[in-house]
Amino acid sequence: MSVWVDVVARARGLSSGILSDRQLSEIARSRDVAELLDRLTSLDIIPGGASAEPRTLELVVQRRAGARLRLVSRWSGARHPLLAPLFEDEDRRSIRAMLRGAAAHAPSDQRLAGLVPTPALPARALSELARQGDAAAVAALLVTWRNPYGSAILEETRLQQPDLFRLETILTRTWAERARRVAPRCGRAMRVFVARVVDVENAWTALLLAGHEGAASPATLWVEGGTLLPRDAFVLATGSRSRREAATILTGLLGRSPLAPAITPEPGAEGRALRAWTREQRDIARLDPLGPAPIIALLLRSRGELLTLRRIIWGIALGAPAGRRGAEGALVT
C-alpha cells in the first residue's frame, strides 16, 4: 500500500487556505455584490479588477476548487491512479450536469455552473461538452476523447427518448465499479469514501422514486458498493407511498450514521453530507496519518467551500436574506 506522507504534508498546507465558517459568515453578510467582491478580493480569492458579475465570481471560485484538485493530482505523481475515484467523482458530476442541461436545452453557461475541472475534463473540455445539443452528442464527444463514461452511456443516449434517470444511474454504477477496483489498493479511507458516495446516491434515488407508481424497477436503479444502506431497505423505501414515508424508513436505519445528514433531496443536503464525511476522514487520519484520508478530507472541504460560496454569491445577487445564504454547514474547520 502506498505511503502518502509527502502529499499529506502538502495537502495540510493547502487546506489552511480554505475559508473558515467564520470567514464565510462574514462574506455572507455583504450588503450587495460590490461589497462581496471587495471582501473576496481582500481574501485573495478574487483577483483585483475583476467584474462584480455573479457569474464571473462563480467561475473564479470554480477555478479555485479546480486548481486545488490539479495540485493534488500533480503531487501524487505515479500514485495518481489510486486517487482516481476522487477525480472521477467530479467527472461524473460534470457529465451528469451536461446530460441534464442538454435535456433541458439550457444555455451552455448554465450547464457549467458549479463544475470543477479535472485532469480528464479540464475547463476547455467542459466548455465543449456544454455546447453539445443533446445527450447523444455529449456521449459521442466523450467516446472520441476515450473517456470511459462516454462508452457507458452511449447506447442509452442513442434511444429516441433517453431516460435521464437511467443515464444518471449508469454514470454512478460505472463510477462505483471503477472506484471499487481501485479503493482496496488505496486503503480504508478511500474504501469509506467510495461507499459513502454509493450509499448517498442510493438514498437519494429512493427518495426521488417514493410515491411514484409505475416508476422504474428498483432493481435496475440499485448501485452496488455501499455499506450502510442494504438493498432490501432501498427497495422498501422506493416502494413507499410518499417521500416523507421513505425518509422515515431511511432515517430509522441511518439516523446515527455519517449518511444521516444527506437523507433529504432538499437544498443543503450535499453540504451537510460533506461535513459528516470530512469528520469521518479526519477520524480515519488519526489512526492512519500517512494514508490518503487528509487528502480526501481536503478535497471534500474544497467542494464544500465551492458550494457555500456559490450559494452566497447567488443569494446576494438575488436578494436573499443574509441568514439564507449559507450552505448549512458545508465546511469543517
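How are helix 5 and helix 10 oriented to each other, roughly parallel or roughly antiparallel? In this predicted model, local features need pLDDT of at least 70, side-chain atom pairs count only at pLDDT 80 or more, and totals for chains, interfaces and linings use all residues. Residues are numbered from 1 along each chain as its sequence is written, and side-chain values use heavy atoms, without hydrogens and water.

The axes of helix 5 (residues 84–103) and helix 10 (residues 164–186) come within 10 Å and cross at roughly 170°. Helices are DSSP runs (H or I, at least four residues), numbered from the N terminus. Axes are lines fitted to C-alpha atoms over the stretch in contact, and angles run from 0 to 180 degrees between N-to-C directions. Helix 5 and helix 10 are therefore roughly antiparallel (angle over 145 degrees). Contact (heavy atoms within 4.5 Å) involves residues including R92, I95 and L99 of helix 5 and L171, W175 and R178 of helix 10. By class, this contact has 10 nonpolar, 1 polar and 7 charged residues. Ala, Val, Leu, Ile, Met, Phe, Trp, Tyr, Cys and Pro count as nonpolar, Asp, Glu, Lys and Arg as charged, and the others as polar.

Helix 4 (residues 54–76) packs against helix 16 at about 175°, with the axes 9 Å apart. Helix 4 and helix 16 are therefore also roughly antiparallel. Their contact has 14 nonpolar, 2 polar and 6 charged residues.

In helix 2 (residues 21–28), L24, I27 and A28 are buried (under 20% relative accessible area, 1.4 Å probe, protein chains only). They cover an arc of only 100° around the axis, which puts them on the same side of helix 2. The arc is taken from the directions from the helix axis to the C-beta atoms.

Conventions. Buried < 20%, exposed > 50% of the residue type's maximum accessible area, 1.4 Å probe, protein only. Helix = DSSP H or I, 4+ residues; strand = E, 2+ residues; numbered from the N terminus. Parallel < 35°, antiparallel > 145°, perpendicular 65-115°, else oblique.
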